[in-house]
Amino acid sequence: MPAQFILSAASASDFPRTGVPEIAMVGRSNVGKSTLINALVKQKIARTSAAPGKTRLANYYLVESPIPNPKSQIPKLYFVDLPGYGYARGGYDSVEAFEQLTQQYFDPSTRQGRHVAGVLQLVDSRHPDLPQDAAGYEWLLAVQAPVAIVATKIDKLNRSDQAKTLRALKEKYDSPVLAVSAAKGDGLDEVWKMIRNWARSDPS
Ligand code: GTP
Ligand code: MG
């Protein structure tokens, strides 16, 4: 099944309530959320841009993971491309780290009929120490969903800087840390592995 665009949600009333496991993509504007979705599904379905702040809605894509073993068939899932944070505004504290729509997306009162199976928080591998990312992560920890950190654009770093960044992120974040280059296709299998594990586990 090719991945397909389902809808753009502007508020909680637009969120699909189908029980399909959802993988949420969060992170600063321009960090590479839409590009990662395209790389994972090997299709250009999500709009990407060199100019930050393009994705202002929650965009839902229906996808199926590439399954090496037919016996481990898993349900289809949604990738949810959430609005980026931290563009052209300063002074983020923990509550303002995310757009209102992102906060609604994770709010328990909107979760009826929805299964947020996991959250990929994307962090630019060149900037592992940004306070907005730390504030966003703190906020996500209170949310009922597993989180993994994904360092993006690792092709922009040399080997030793890649290792340095990964060390810094693992020290800073109390969640699994993965690294990807959507441009080169590096690290995508590990991201799929994480997603498959999340999608397999029962909704609580
Ligand atoms: P918003 O929609 O504004 O929140 O941004 P986004 O997080 O969706 O970023 P997007 O995927 O549009 O990517 C932003 C820019 O980063 C684009 O110019 C991409 O080509 C570039 N980019 C994304 N991933 C990579 C990567 O792995 N390597 C390199 N070199 N560039 C990347
Ligand atoms: Mg985007």
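**The sheet and its terms**

Mentor: This is a predicted model. Its seven strands form an open sheet in the order β1-β3-β4-β2-β5-β6-β7, with mixed pairing.

Trainee: What makes β1 and β7 the edge strands?

Mentor: Each of them, β1 (4–9) and β7, pairs on one side only. Neighbouring strands of the sheet are turned by 25° against each other on average, direction ignored.

Trainee: How do you know that β6 and β7 pair?

Mentor: Pairing requires at least two bridges between the strands. Three bridges join β6 to β7, and the two run parallel.

Trainee: Why is V177 called buried?

Mentor: The relative accessible area of V177 is 12%, and buried means under 20%; V177 is therefore buried. V177 lies in strand β7. Leaving aside neighbours within four places in sequence, V177 is in contact with I149, L166, L169 and K170. The C-alpha atoms of V177 and V147, 30 residues apart along the chain, are separated by 9.5 Å.

Trainee: What share of the protein chain is buried?

Mentor: Buried residues make up 51% of its 204 residues.

Trainee: What makes α1 a mostly covered helix?

Mentor: Eight of the nine residues of α1 are buried. They are K33, S34, L36, I37, N38, A39, L40 and V41. These residues pack against β2, β3, β4, β5, β6 and α5. After α1 comes K42, with a positive phi near 55°.

Trainee: Which residues of α3 are buried, and what covers them?

Mentor: In α3, the buried residues are Q132, D133, A135, G136, Y137, W139 and L140. Their cover includes β2, α2, β5 and β6.

Trainee: How do the axes of α1 and α5 lie relative to each other?

Mentor: The axes of helix α1 (residues 33–41) and α5 come within 10 Å and cross at roughly 90°. Angles of 65 to 115 degrees count as roughly perpendicular, so α1 is roughly perpendicular to α5.

Trainee: Which residues meet there, and how is the contact of α1 with α5 made up by class?

Mentor: From α1, L36, A39 and L40 meet L188, V191, W192 and I195 of α5. By class, this contact has seven nonpolar, no polar and no charged residues.

**The nonpolar cores**

Trainee: Which members of the largest nonpolar core touch the most other members?

Mentor: Y105, F106 and V119 do, within a core of 33 residues. At least two residues of this core come from each of β2 (21–27), β3 (58–63), β4 (77–81), α2 (100–106), β5 (115–124), α3 (131–141), β6 (147–152) and β7 (177–179). A second, separate core has 29 residues, including I23, V31, I37 and L120.

Trainee: With what is F106 in contact, leaving aside its neighbours within four places in sequence?

Mentor: F106 is in contact with A24, V26, L82, R111, V116, V119, W139, L140 and V143.

**The chain overall**

Trainee: How many helices and strands does the protein chain have, and in what order do they run?

Mentor: The chain has five helices and seven strands. From the N terminus on, the elements run β-β-α-β-β-α-β-α-β-α-β-α. Among contacts with a separation of 6 or more, 74% join residues 24 or more positions apart.

Technical notes
Residues numbered from 1 in each chain as written. Chains lettered and ligands numbered in written order. Predicted model: local features only at pLDDT ≥ 70, side-chain atom pairs only at ≥ 80, totals over all residues. Heavy atoms only, no water. Core = buried A, V, L, I, M, F, W, Y, C linked by side-chain atoms within 4.5 Å. Buried < 20%, exposed > 50% of the residue type's maximum accessible area, 1.4 Å probe, protein only. Helix = DSSP H or I, 4+ residues; strand = E, 2+ residues; numbered from the N terminus. Contact = heavy atoms within 4.5 Å. Axes fitted to C-alpha atoms, helices over the stretch in contact; angles between N-to-C directions. Parallel < 35°, antiparallel > 145°, perpendicular 65-115°, else oblique. Nonpolar A, V, L, I, M, F, W, Y, C, P; charged D, E, K, R; others polar.
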